[in-house]
Amino acid sequence: MMAETETETLTRMANQIAGFFAPYGEAEAVKEVAAHINAFWEPRMRRALLAHLDQGGAGLSPPVIAAAGLIRRPA
Amino acid sequence: MTLLKETDFGTPPAQATTMVTLEIDGQPVTVPEGTSIMRAAMELGTQIPKLCATDMVKPFGSCRLCIVEIEGRKGTPASCTTPVAEGLKVKTQSDRLLHLRRGVMELYISDHPLDCLTCSANGDCELQDMAGAVGLREVRYGFEGKNHIAARTSDGAVNASYKPKDSTNPYFTFDPAKCIVCLRCVRACEEVQGTFALTVDGRGFDSQIAAGQDEGFLASECVSCGACVQACPTATLMENSVIARGQPEHTVLTTCAYCGVGCSFKAEMRGDEVIRMVPHKDGGANEGHSCVKGRFAWGYATHQDRITTPMIRERTTDPWREVTWDEAIGFAASRFKDIQKKYGMGAIGGITSSRCTNEEVFAVQKMVRAAFGVNNVDTCARVCHSPTGYGLSKTFGTSAGTQNFKSVDKADVILVIGASPTDGHPVFASRLKKRIRQGAKLIVVDPRETGMVRSPHVQAVHHLALLPGTNVAIINALAHVILTEGLDNTSFIAERCDLAEFARWADFISDPRHAPEAVEHITRVPAAEVRAAARLYATGGNGAIYYGLGVTEHSQGTTMVMGMANLAMLTGNIGREGVGVNPLRGQNNVQGSCDMGSFPHELAGYRHISDSSVRGTFERDWNVTLDPEPGLRIPNMLAAAVDGSFKGIFIQGEDIAQSDPNTQHVTAGLAAMDCVVVQDLFLNETAAYAHVFLPGTSFLEKDGTFTNAERRINRVRPCMAPQSGKHEWQAVSELASAMGYPMAYGHSSEIMDEIARLTPGFAHVSFKMLDERGSVQWPCNDAAPDGTPIMHVKGFVRGKGRFMLTDYVPTPERSNTRYPLILTTGRTLTQYNVGAQTRRTGNVAWHPEDILEIHPHDAEVRGISAGQLVSLTSRVGGTTLRAHITERIPVGVVYTTFHHPVTGANVITTDYSDWATNCPEYKVTAVQVGLTNAASDWQTQWTEHRKASTRREAKAQ
C-alpha cells in the first residue's frame, strides 16, 4: 500500500467523525464534527484541513464540508 | 518494616450478619454465624494447631491436628470444620488433646525427612512449628518402614513410593519427599486460582500430589500463579529464589508493575535483594492472589541488559557514548531548544508511560506543557484505552470504570467482551471464574475461544464468536432485542437518564436493520444466539460488563464503548455492586497516566485545555502561561515528523517502535527527528532511533503511586535505590530546568501533593493518607472522603445518563482475494506487551516466540502443517513466524501476539484508527498467510539494524 498523504489521512479522519454523527441528522452532525475537530485537532492539523476545504475539500463528506465555517482557524 | 507475617485465621471469614457468642477457653467471643471455631479462637489470639487449614481455602478437616473439646459434645471435633454456635464452651488444650495431637504429629514426622537445618523452609515451616507446638519429642515408629523419603529402601532396593524432585517450573521446585498430603496446594489451585491443575494420585499411603496427568509442573496445565507455593506449609513447594538465597528478613509493601489489576505484593527482602514476591492478603485489588508475572517475573529488574548510565550520540548511526547525567541532560536540552528555534515551539513533544508512576507521568506532562511550552504530550493509553475515556465520558460523564473488582462477587450475568482475562488480567480472571463456579452465567463476545469460554468448571452459556470488526453490529443487536422485546428497565431510565436522548436512541435502535437476523451476515453470529444472550443479560439479575482492547482497538472503538454504556443504562445495570461497565486496563497505570493529564487536549482530571479557568489554576500554580490549543496525539506526532514539522520527542518508558501500529511508519517518523530522548530500562526498539538514552528505574526502585483499573491508588515503595542514581522524575525535572523552566521536588510525595492541589478527584490523596489506609479509589475529596469503590451510585457524574446513537460503520480495512484472512492480535499469560520485561525472565519457558494461530481449514487449503514457518503479509508489511493450528480461532481469522520484536507483528498492522481518538485498529488487518522458508525482508533488515544501532563505544581504560 502506498502511504497516504497528509491530506488523505486528515480527509479519512474527518469523514470517520462525520460517519459517527450521521445518524444525528445533518444540522447536528455538522455542529458535532466541528466541535470534535476543534477539541481534539492540533492547529497544524486544522490548518491543513481548512486549506483543503478552501480548495473545495475533494473527498470530504458533506457534513465536513458544511462544518468548514465552524472549524476554528488557528492563529 | 520487619518481615510481615499476616495472621492466618485458618478458615475464610463468614459472610453472615447474624452474630454468635461462644466461650473459648473461658473467654467469650462474638463472631458472625458460620465462622469456624478455629477462626473464632484466632480472633481471640488463640492459635489452635493446624496443618491442612489456611484461610485462603475452605476447611478440609483432614490433618486432625486442630481438634478441640466442646462441652456436651462427644469426641474431639476438628475446629476448622466445626462452626460456632450460641453458648458453646470450647477447650483448645487438655491432656487428651495434647496426646492425640502428638500422636498425629508423630505419624506425620515418621514419613518426613529430618533435614531441618539444611531445608529451604527452615525458619518458615509450619510442620516444624506444629511439631514444636504439640511438644513432639520422639518418633517411636522409626524411619525404616514404608516411606516417601528415600530413593532406596534400607536393603538397597528401589523405593517405589519415592518420587524425585520436579524442577521443571523455572520458579519453584516440587519435592514430593517433603509432602504431607494436606491438599492445601490442590485446594488453592481449585478454589483460588481456578485452574484445577493439581490432584491427588493414589489412595491411602500411596497418595501423592500430581500436576496434570503427573507430567510435571511445566508440561501440565499449571499456570504458575504461585498459589500452591504460598499455600504449602512445608518445603514441598518452594520458590527457587528461597532455595538459592535463604529466607527473607524484611518486607516492603508495594504494587505490581504489570497489568491493570494492580496487585499488592509483599516484596520479601534480604538487604536490598528481593528474595521473593508474595501477594498481600490486604491488597484491595488481589486479596492475596497473584499470577506468574507479578509473583515470579521480576528478575528483569536486575538483568544484565539494564542500562544504568546515561548515553548520547550525535547521529543514530554512531555508537552510544556513556556520559554524566549533566552532559546527557545538557545535550538533550540544547537540541530541543535548537529545534524550537529553527522549526517553532510545536516541533517537540513527549510521551508518558503507563508503566511509570503517577508522579513520574505528571512530571513529564508538566515538563512538556510548562518547559517545552506546548501541549504535544500523549500517553500509551492512546493506543489502548483512549476510546474508553471518550465513550464513557460522553455517556456517563467520566472516564472511569464503574466498579471495584470485588463487585463481581455479586454479579449474576457476566458479559466479557473483547478481553481474555486469563491471559491479560489473570488475577481478576480467577475472581471471575470463582463467581461463575458459584453459579453466575457467562457470555463471551470474542472471535477467539478465549480461556474463559471453556475451562474446568467454567463454561460460557453463550460464546458470540463474531468476525473481528463487527462489535458495534453485535452490541446494537443486543440492545435491539432488549428494547423491542420490552426487557428494558423503564424505571431506571425514567429516573436516571436523559429522556429526550433516550427517545431518539430508542427510535434509532428499534429499526429492524439492527435486529440480530439483519446483521447475522455481517457478524457471522447466529441470530438466535444473540437473542438468547440479550435476554439473559437483561433478565438474569445483576449484569456486569468487562471489556478489553478487543473493544477499543477498532476504527469504531469509541462507538462500541458507548454501545456498552447504552446497554448497561437500558437494563439499569449501573450504580450498585455486581453491575457496571468495566474496562480491563492493559498496563498497571493506564488509568493513572490518563488521570494525570497526559492527553494533549486535557489537564489532570480530564479538564479541557481550552477551559481558561482550569488553565488559570495550573498557570498560577506553575507560574507559566499555557497554550490553550490541543496538542498532537502520538499518531499525529509521527505523521508530522514524516512531514517535517515535528523534530524532537521525549519518550518515557514506551517502546513505540515495537508497540505502535505500522512499524515502518513509526520508524520513518522517528528517523526523521533530530532529537529522540528515550528514558527506559533497556535499549528497546525505539532506542535504536534515539540520540539520548536516560536510564530509568524499575518498579523495585520507584517511590510513588499506581492507579489500577478500578481507580485504586496504590503505593509503589522502593525496595532498593535507583540503579542509575536518579529517580525518573528527578531526571525530568532537571531536563525541564535545563530548558529554562525551573522545576524541582525534594521527594515524589511533593508531586502527589501538587496533583492533589490541582485535581479535584484527588483532593484528599497524599502519601501519608495512602500509607495509613493502604489504598483509596478516586474520587477522594470532600464529597467522598473515603474514596469511591462504585461510581454513579446516586446519579451519573454528568447528571442524566446519555444514550448515544451508535451506527455500525464497517472498517475501511477489507479482506479481498489477495488478503483473504483477518489478523487479530492479543497477548498471552506469560508475556507482557512488548516483552521487554518478561522476555528477560524465566517466562520464556512458556512462550519463547510469537506464533500464528490458524484454523485447520485455512491451514489445510494452504498446505500448512503444525509448527511450519509461514509468511504473514498485509498491505503494509510482512513477517515470518511459526504456525499453530487450532480450532480456538474461527475460519477466516488468524491470531498472533506481539511480545517479541523479531516477529514484528506491528509491521503488519495498519494506520487505520478509531474515529474519535485515533486509537489504532490493531484488531483488524486483512492478511494472507503462506508457507515460506525464510525470514521476511523486514526481519532481515531489523536484525542488521538492531546490531548497528545498539553499538556502544568501548570504555576508556
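How much space lies in the second largest cavity? About 190 Å³ lies there, where a cavity is a set of points on a 1 Å grid over the protein atoms alone at which a 1.4 Å probe fits but cannot get out, and its volume is the space filled by probe spheres set on the points. Its lining takes in 18 residues, and those closest to its centre are B:Arg355, B:Leu681, B:Thr697, B:Lys702 and B:Gln837; lining residues have an atom within 4 Å of a point.

This is a predicted model, so to speak of local features takes pLDDT of at least 70 and side-chain atom pairs need pLDDT 80 or more, while totals for chains, interfaces and linings use all residues. Residues are numbered from 1 along each chain as its sequence is written, chains are lettered from A and ligands numbered from 1 in the order written, and side-chain values use heavy atoms, without hydrogens and water.

The structure holds eight cavities of 30 Å³ or more. The largest has a volume of about 720 Å³ and is lined by 43 residues, with B:Leu549, B:Glu553, B:Thr825, B:Gly826 and B:Lys923 nearest its centre.

Now turn to the chain contact (heavy atoms within 4.5 Å). Chain A brings 23 residues to it and chain B 36 residues. Three salt bridges cross this interface, each a side-chain nitrogen of Lys or Arg within 4 Å of a carboxyl oxygen of Asp or Glu. B:Arg504 forms a salt bridge with A:Glu28, their closest N and O atoms being 2.7 Å apart.

Terms used. 1 Å grid on protein atoms, 1.4 Å probe; cavity = no way out; pocket = protein on both sides within 12 Å on 5 of 7 lines; lining within 4 Å.
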